[in-house]
Amino acid sequence: MRKNLIETVTGAVVLAVAAFFIVFIYNKADLGNVDGYQIRAKFDRVDGIQAGSVVRMSGIKIGTVISSSLDPQTYFADVVMSIRRDVKIPEDTSVAVSSEGLLGGTFLSLSPGGSDEMLQAGGEITMTQGSIDLMGLLGQMIFSQNSKSDGKDQ
């Protein structure tokens, strides 16, 4: 009987510590949606970007992606973002799909322009850079090295 009590108490302590860490990580990660104004951008590729993805400027989170959909006329990805109300975005701002590293997640990185005019709610960023196909680039590099070495041997 005593053994069951010790196992039960130990299990309860482990669950309490796990719950504490989950709450702590959630609060530190700042995973919640940003309440602000919406802007949009159209990309040729948005690999890894989905609802909830982070929008950053100068490395600081300023928003989140609300939705992404395919424009049936242009076949571009139409991405809607929510930007914090206290952050004003110049009209000539550019946005790129960026990666946190080789194994990291993807996010949208805004580079502010120098315009005095600011994007209004519902505005669109027109200068965009889609995601880079790393596997495709790696494959091209490998196959180009093989074709170079094949030409030298003959």
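This is a predicted model: local features need pLDDT of at least 70, side-chain atom pairs count only at pLDDT 80 or more; totals for chains, interfaces and linings use all residues.
Visitor: Why is Asp92 called partly exposed?

Guide: The relative accessibility of Asp92 is 31%. Partly exposed covers values between the buried limit of under 20% and the exposed limit of over 50%, so Asp92, at 31%, counts as partly exposed. You will find Asp92 in the loop between strand E4 (77-84) and strand E5 (94-99).

Visitor: Which residues gather with Asp92 in a patch of negative charge?

Guide: Glu91, Asp116 and Glu117 gather with Asp92 in that patch on the surface.

Visitor: What makes Ser58 exposed rather than buried?

Guide: Exposed means over 50% relative accessible area. Ser58 has 69%, so Ser58 counts as exposed. Its place is the loop between E2 and strand E3 (60-70).

Visitor: And why does Tyr75 count as exposed?

Guide: The same cut-off of over 50% applies. Tyr75 is at 61%, and therefore counts as exposed. Tyr75 sits in the loop between E3 and E4.

Visitor: What is there to notice about phi in Ser58 and Tyr75?

Guide: Most residues other than glycine have a negative phi. Ser58, however, has a positive phi near 55°, and Tyr75 has a positive phi of about 65°.

Visitor: How do you know that Arg56 is in contact with Phe107?

Guide: Contact means heavy atoms within 4.5 Å, and Phe107 is among the contacts of Arg56, as are Lys61 and Glu100. From C-alpha to C-alpha, Arg56 and Phe107 are 7.3 Å apart, though 51 residues separate them in sequence. Arg56 itself lies in strand E2 (residues 54-57).

Notes
Residues are numbered from 1 along each chain as its sequence is written. Side-chain values use heavy atoms; hydrogens and water are left out. Patches are made of residues with over 30% relative accessible area and no salt bridge: like charges are joined within 9 Å, nonpolar side chains (Val, Leu, Ile, Met, Phe, Trp, Tyr) within 5 Å. Accessible areas come from the Shrake-Rupley method with a 1.4 Å probe; for residues, only the protein chains shown count as cover. A salt bridge is a side-chain nitrogen of Lys or Arg within 4 Å of a carboxyl oxygen of Asp or Glu. Lys and Arg count as positive and Asp and Glu as negative; His and the chain ends are not counted. The place of a charge is taken as NZ of Lys, CZ of Arg, CG of Asp or CD of Glu. Helices (H or I, at least four residues) and strands (E, at least two) are DSSP runs, numbered from the N terminus. Buried means under 20% relative accessible area, exposed over 50%, partly exposed in between (1.4 Å probe, protein chains only). Lists of a residue's contacts leave out its neighbours within four places in sequence.
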